[in-house]
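Please examine the sequence and the model below before reading on. The text then takes the strands and the helices in turn.

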Amino acid sequence: MGWQLKIGRAAGIDVFVHWTFVFAPIYVVYSCWETGWAMIGVMLVLLLCFFACVLLHEFGHALAAKQLGIKTLDIIITPIGGLARLVGMSRNHPWQEFLITLAGPAVNLFLCLLFLIYLVATSQNLMPTSIAAFPQILFWANLALFLFNLVPAFPMDGGRILRSLLAIFVPYKTATMIAGNLGRVLAILFVVTGLYRSEFPFVLIGIFVFFAATAEIEFTRDATDSDRLD
Ligand SMILES: [Zn+2]
């Protein structure tokens with residue numbers, strides 16, 4: 001995947017940050033420039049906390065895969081999300097893909113509940129009153145990560161869950177075609193919505209989803225039934 005920096009290793013899995021990640025803090029500094037350096041500092045710490053949640057999400061996939069005997073090559077963090085690269089997931093066991101994929105959003109739901117319990121136990125409001133209200137912001141961020149990842153825009157998690165459920169009833173190729181084409185339609189919606197609302201990250205995610213869905217459709221179309229999907 002090009003240039004990347006190793007930032008650590010856990011549970012036998014190397015964690016890398018892709019070079020394009022530098023655009024995330026640059027985007028934060030650019031969009032908060034008027035507010036001063038103190039606010040920019042808080043936003044950068046918040047950005048780090050957010051991507052720590054993304055990293056834990058990826059470890060959810062990787063550790064579920066490990067339980068099922070599937071190896072994770074590495075985890076790569078990019079500005080539009082994380083990627084746990086699994087090796088040797090068989091297309092003949094759609095339930096494996098279902099469980100491994102579900103484990104990522106499940107981590108965000110778990111984190112969301114942890115922050116909720118903390119906020120309720122300390123009698124705090126759920127709505128953040130300032131940018132420094134980290135528990136409130138991370139509660140909503142994890143709820144958003146949980147829900148957003150379940151959008152069936154293949155190859156995002158929701159789309160993979162859909163593909164794995166379809167693959168129980170129809171051939172794997174057909175399941176990939178259906179999920180992939182739905183993913184491309186939703187990707188176009190992401191781009192249009194992102195442009196309309198000037199939400200630049202949405203545009204990037206839409207473009208990524210469109211090309212990744214196309215690549216998966218073509219890969220599966222070309223693969224023979226005996227191939228293993230890596
Ligand atoms: Zn995921």
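This is a predicted model: local features need pLDDT of at least 70, side-chain atom pairs count only at pLDDT 80 or more; totals for chains, interfaces and linings use all residues.

Strand β1 (residues 4–10) and strand β2 pair in the antiparallel sense, and six bridges are found between them. Within this pairing, Gln4 has His18 of β2 as its bridge partner. The two strands form a hairpin with two residues between them. In the turn lies Ala11, whose phi is positive, at about 50°.

Strand β2 also pairs with strand β3 (residues 71–78); here the strands run parallel and are joined by four bridges. Asp14 is found opposite Asp74 of β3.

How many residues of strand β2 are buried? Six of the six residues of β2 (residues 13–18) are buried, that is, under 20% relative accessible area. Strand β2 is therefore largely enclosed by the rest of the structure. Both of its faces are covered: one side carries Ile13, Val15 and Val17, and the other carries Asp14, Phe16 and His18, all of them buried.

The helices come next. Two packed helices are described by the angle between their axes and the distance between the axes. For helix α1 (residues 23–31) and helix α2 (residues 37–67), the axes come within 9 Å and cross at roughly 145°. This crossing is right-handed. Helix α1 contributes Ala24, Pro25, Val28 and Val29 to the contact, while α2 contributes Trp37, Ile40, Met43, Leu44 and Leu47. By class, the contact residues comprise nine nonpolar, no polar and no charged.

Terms used. Residues are numbered from 1 along each chain as its sequence is written. Side-chain values use heavy atoms; hydrogens and water are left out. Axes are lines fitted to C-alpha atoms, for helices over the stretch in contact, and angles run from 0 to 180 degrees between N-to-C directions. A crossing is left-handed if the near helix is turned anticlockwise from the far one by less than a right angle, and right-handed if clockwise. Contact means heavy atoms within 4.5 Å. Ala, Val, Leu, Ile, Met, Phe, Trp, Tyr, Cys and Pro count as nonpolar, Asp, Glu, Lys and Arg as charged, and the others, Gly among them, as polar. Buried means under 20% relative accessible area, exposed over 50%, partly exposed in between (1.4 Å probe, protein chains only). Two strands pair if DSSP finds at least two bridges between them.
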